[in-house]
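This briefing sets out selected features of the structure shown below. The points are grouped by topic.

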Amino acid sequence: MTDTTPETQLLKPHDKDLGGGFKVRRLLPAAQRRSVGPFVFFDHFGPATEQPGTEHDVRPHPHIGLSTVTYLFKGAMMHRDSLGSVQEILPGAINWMTAGRGIVHSERKPERLKADTYVNHGLQLWAALPQAHEESEPSFEHTPAGAIPELKEQGAGVRVLVGEAFGAHSPVKTLSQTVYLDIALPAGGRFVLPALAPELAIYAVDADASVNGEPAPVHTMAVLPDGQGAVLACDTAARLMVIGGEPLDGPRYITWNFVSSRRERILEAGSDWAAQRMGHVPGETEFIPLPGKPFGVREPDVGTTPV
């Protein structure tokens, strides 16, 4: 960890190649920081070139206790889940899947693009559900790009993906205070980010930036001191993501694709998945076994990408 101020944390990514050149940069969870607001997982994937005959599909896998938040900069994915939802994910849209007591989903190359060459690039986040909602009914909500508020603020383009900022309200429904912004800062730009939530962090997607005058290199996340905003700036045009919200209502444990405030619940979910009791995605035939023997509960600062 490197401090950009006495209290600001600068998180570096853990890079992984999931095969075929499909790269993931993981910022959360980290040893130094387990969550920012409700967010307990932050993956930046791509840019990855998809070509005819190559697949970076995410096969059917389960979740409990969280909401997955998928956002694309480029490309397309086909979401299917055990509720029967079928939705093509396109750039600029927010796809919010609440696992609750349990859901199974897959994300694959759309059939219409099987013969095409294109680039997939985006983010997937997990938001831990409040303890009172960890066992809620699963659901899926798609908010198209055109429904996401966009505005000009301090010379920057701002998309309010989730939550409220600068007088704009996202239509995406959440169960706790959540902030998720996409800020396009022009070259030489300066942006005053207010304290929109008790916990906030800034991620530099494609260019170096600065936070309160200190470097925030590309692919790093600057976690702000609690209850504070920041001054953001860049020499070249930069895309900056802002995440945050109210703190979690207690610690969370993460094992494989499961998140819970209770260790025993994760073990139960593992047993349910092994026995194929967590549901089935219509049209899918593949089954991924539990990783590792025995399947155990790891601490909240450890997580894995769905495989």
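Alanine 207 touches Val218, Thr236, Ala237 and Ala238, where neighbours up to four places away in sequence are not counted and contact means heavy atoms within 4.5 Å. The model is a predicted one, in which local features need pLDDT of at least 70, side-chain atom pairs count only at pLDDT 80 or more, and totals for chains, interfaces and linings use all residues. Residues are numbered from 1 along each chain as its sequence is written, and side-chain values use heavy atoms, with hydrogens and water left out.

- Alanine 207 sits in the loop between β20 (199–204) and β21 (209–211); strands (E, at least two residues) and helices (H or I, at least four) are DSSP runs numbered from the N terminus.
- With a relative accessible area of 10%, alanine 207 is buried; the classes are buried under 20%, exposed over 50% and partly exposed in between, for a 1.4 Å probe and protein chains only.
- One of its contacts, valine 218, is 11 residues away in sequence, and the two C-alpha atoms are 4.8 Å apart.

**Other buried positions**

- Valine 223 belongs to strand β23 and counts as buried at 1% relative accessibility.
- Beyond four places in sequence, valine 223 touches Glu7, Thr8, Gln9, Leu11, Arg33, Val36, Leu200 and Ala201.
- Between the C-alpha atoms of valine 223 and glycine 250 there are 19 Å, with 27 residues of separation along the chain.
- Proline 110 lies in the loop between β11 (103–108) and β12 (118–128), and its relative accessible area of 1% makes it buried.
- Outside the four places on either side in sequence, proline 110 contacts Ala76, Met77, Met78, Glu88 and Tyr118.

**Strand pairing**

- Strand β8 (residues 77–81) pairs with strand β9 (residues 86–89) in the antiparallel sense over 4 bridges; strands count as paired if DSSP finds at least two bridges between them.
- Arginine 80 has valine 86, in β9, as its bridge partner.
- The hairpin of β8 and β9 has 4 residues between its strands, and glycine 84 there adopts a positive phi near 95 degrees.
- An antiparallel pairing over 4 bridges also joins β19 and strand β24 (residues 230–233), and in it valine 192 stands opposite valine 231 of β24.
- Strand β19 (residues 190–193) has Phe191 and Leu193 on a covered face, while Arg190 and Val192 form an uncovered one.
- In general, the side chains of a regular strand alternate between the two faces of the sheet.

**Backbone geometry**

- Leucine 28 and proline 29 are joined by a cis peptide bond with omega about -5 degrees; proline 29 is in the loop between β4 (23–28) and β5 (39–50).
- A cis peptide bond also links glycine 46 to proline 47, with omega about 0 degrees, and proline 47 is located in strand β5.
- Phenylalanine 166, a residue other than glycine, has a positive phi near 55 degrees.
- The loop between β16 (164–165) and β17 (168–169) holds phenylalanine 166, which counts as partly exposed at 24% relative accessibility.
- Histidine 219 is not a glycine, yet its phi is positive at about 70 degrees; this residue lies in the loop between β22 (214–216) and β23 (221–223).

**The chain as a whole**

- The secondary structure comprises 1 helix and 27 strands.
- The radius of gyration is 19 Å, close to the 19 Å of the globule rule for 307 residues, so the chain is as compact as a globular protein of that length; the radius is taken over C-alpha atoms, and the rule is 2.2 Å times the number of residues to the power 0.38.
- The C-alpha trace spans about 55 × 45 × 35 Å along its principal axes.
- Of the 307 residues in the chain, 55% are buried.
- Among contacts between residues at least 6 apart in sequence, 70% join residues at least 24 apart.
- The chain exposes about 12,400 Å², of which carbon and sulfur atoms supply 51%; the areas come from the Shrake-Rupley method with a 1.4 Å probe, and for residues only the protein chains shown count as cover.
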